[in-house]
Amino acid sequence: MGEVMVITSGKGGVGKTTTTANIGTGLASLGYKVVLVDTDIGLRNLDVVMGLENRIVYDIVDVTSGQVSYSKALIKDKRFPDGRLNLLPAAQTKDKTAVNQAQMQKLCEDLKKEFDFVLIDCPAGIEQGFKNAIAGAEKAIVVTTPEVSAIRDADRIIGLLEAGGLRNPRLIINRLRPAMVKQGDMMSIEDMVDILAIDVLGVVPEDDTIVISTNKGEPAVLDDNSRAGQAYRNITRRLTGADVPLMNLEVSEGLFDKVRKIFGMGR
Amino acid sequence: MKKADIVIKGSKDGLTFYLDSQCDFSDLVIAIEQKLASADCFLVGAHVNVDVGLRKLTEEQIERLRILFPSYGLILRGITSWSDSEGNNDEGEGAIMKGNRERIYQIANHLYESSERPEPAGESRNLESKESIVSFVPAAMEAPPSSLSTAATDDGAENEAPIITLGGDEQTLLIQRTLRSGQTVRYPGNVVILGDVNPGAEVIAGGNIIVMGVFRGVAHAGALGSLDAVVTAYRLRPTQLRIANHITRPPDEDDDGPDHPEIGRIRDGMVTIERYHYGSKSFGKDA
Ligand SMILES: Nc1ncnc2c1ncn2[C@@H]1O[C@H](COP(=O)(O)OP(=O)(O)OP(=O)(O)O)[C@@H](O)[C@H]1O
Ligand SMILES: [Mg+2]
């Protein structure tokens, strides 16, 4: 039985899709069978970031409405010839209400029988799309950027996740700029953890290679020279239970101990 | 003539208004209106049950109540009358008992989970505002009426007895978790929070608010008009602090505030925030 994990944020544009693509690809590189589910109906993106757009035939609505089986709709990522990385794309032209929570639960139940990880890319906001995305999930990853508004939305989302039965979500801080933190111009990890009070799964630095890799449809996690890619590789390994300390560029020295504590590794 | 007496209590399904069953109905209506008006925005959106005691209501009187509550933004869930054997306790709520006895309120940290209510489709604005009001009012536990006089009581009842005698009319809600952005607690009595209150969260209490953590949200103590209500927190950094009908916010030049517990209350007609001193009479009604 696999694990169903939703990647969510509240605020838009903080890096949910980027994170889903990179974690999914990272897990596949470690040998796991992975399926990525794009639930951002009407604003699908994950296929583009994965470089799989031109191979879409069926989408999530075709599956949840019972028109085709999920295996028919899944797109196999060509980078893994044994087909262990798959994408279920969102519908682009259909209405957001075309999927409901019960259908999502059923879909997740089915997918986790076949895959080790079912990663759900959640749309921004807290409406129907969000509710659908979390309906079948067992674990949650909350993505935020070091901005007050993103933190506020993350806090709101954590509350809603808890209300929806998803306890102990884990946090990914994206687009951190260590230099700005040092100058006191950006919220530090410490500040964010202070308010959100949840475990940090990882910190991804602001990095142009993300933009380049997004445009190429080649997740940065596969690029050995990308710092953000390294951060996602670390996150991937933490997800599989490994103790990986935060990268040096992710934290300033003084915070290192504090973050170790958050991971519970100091013992 | 006796003034109409209204008691508001929390119960599992929202607030219950216990109405005096002796006075004139018209006095009752006036008293309710005063109460609702003084409550300001505190009760808006709350679910309300009305318990009229032994009074027998006429059709018009029922109709009057049906209009009265919604006109102040409250949602009337049911009217309970004990005047005849049928009653119309349609909620089938075993917890609704006769009379105005003190009630002990359960520790209610699990009640947030039941916040999802079925929403009518299409009203997305409405939906959002309702969803953010987390249902918090705890189930009322009737004090066993005979526990004080009967010898054959079990341990539980014995433990409760001293609380009842001490408790008087006070009601307190204990919340053992952090309130996050978008979560609201409304309670007619005191609210105690073992956790933080984050920015974007709101605590509205008829009585005092005590936070054993960092308070960063909006606090409204004495929301039913009580000027001697206080807000205390381990670290008091509210976005906004309201007591009764007074509203304040911290100064704009934003330092982090002192590293000690503080208390906010009305003094000489102004909300003041001071260091909380253990053992002083700084807490609550020190009249
Ligand atoms: N670490 C990073 N460094 C630089 N750019 C980044 C980083 N992470 C994300 N971006 C850029 O930010 C933009 C938004 O990212 P993404 O689409 O993943 O966000 P999202 O949360 O899925 O957005 P939406 O809410 O619209 O679904 C993209 O252009 C992406 O390339
Ligand atoms: Mg996205």
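Ligand 1 has 17 residues around it, and A:Gly13, A:Lys16, A:Thr17, A:Thr18 and A:Asn174 come nearest. The model is predicted.

**Polar contacts to ligand 1**
- A:Thr18 places a polar side-chain atom 2.5 Å from an oxygen atom of ligand 1.
- A:Thr17 does likewise, with a polar side-chain atom 2.7 Å from an oxygen atom of the ligand.
- A:Arg175 has a side-chain N or O atom 3.0 Å from an oxygen atom of ligand 1.

**The shell around ligand 1**
- Four elements of chain A each supply at least two shell residues: α1 (16-29), β7 (170-176), β8 (200-205) and α10 (208-216).
- The most comes from α1(A), which gives 3 residues.
- By residue class, the shell holds 5 nonpolar, 7 polar and 5 charged residues.

**Chain A as a whole**
- The chain has 12 helices and 8 strands.
- It runs to 267 residues, and 57% of them are buried.
- Among contacts in chain A with a separation of 6 or more, 74% join residues 24 or more positions apart.

Key:
Residues numbered from 1 in each chain as written. Chains lettered and ligands numbered in written order. Predicted model: local features only at pLDDT ≥ 70, side-chain atom pairs only at ≥ 80, totals over all residues. Heavy atoms only, no water. Near = heavy atom within 4 Å. Polar contact = N/O pair within 3.5 Å; in protein donor to acceptor, adjacent residues only side chain to side chain. Nonpolar A, V, L, I, M, F, W, Y, C, P; charged D, E, K, R; others polar. Buried < 20%, exposed > 50% of the residue type's maximum accessible area, 1.4 Å probe, protein only. Contact = heavy atoms within 4.5 Å.
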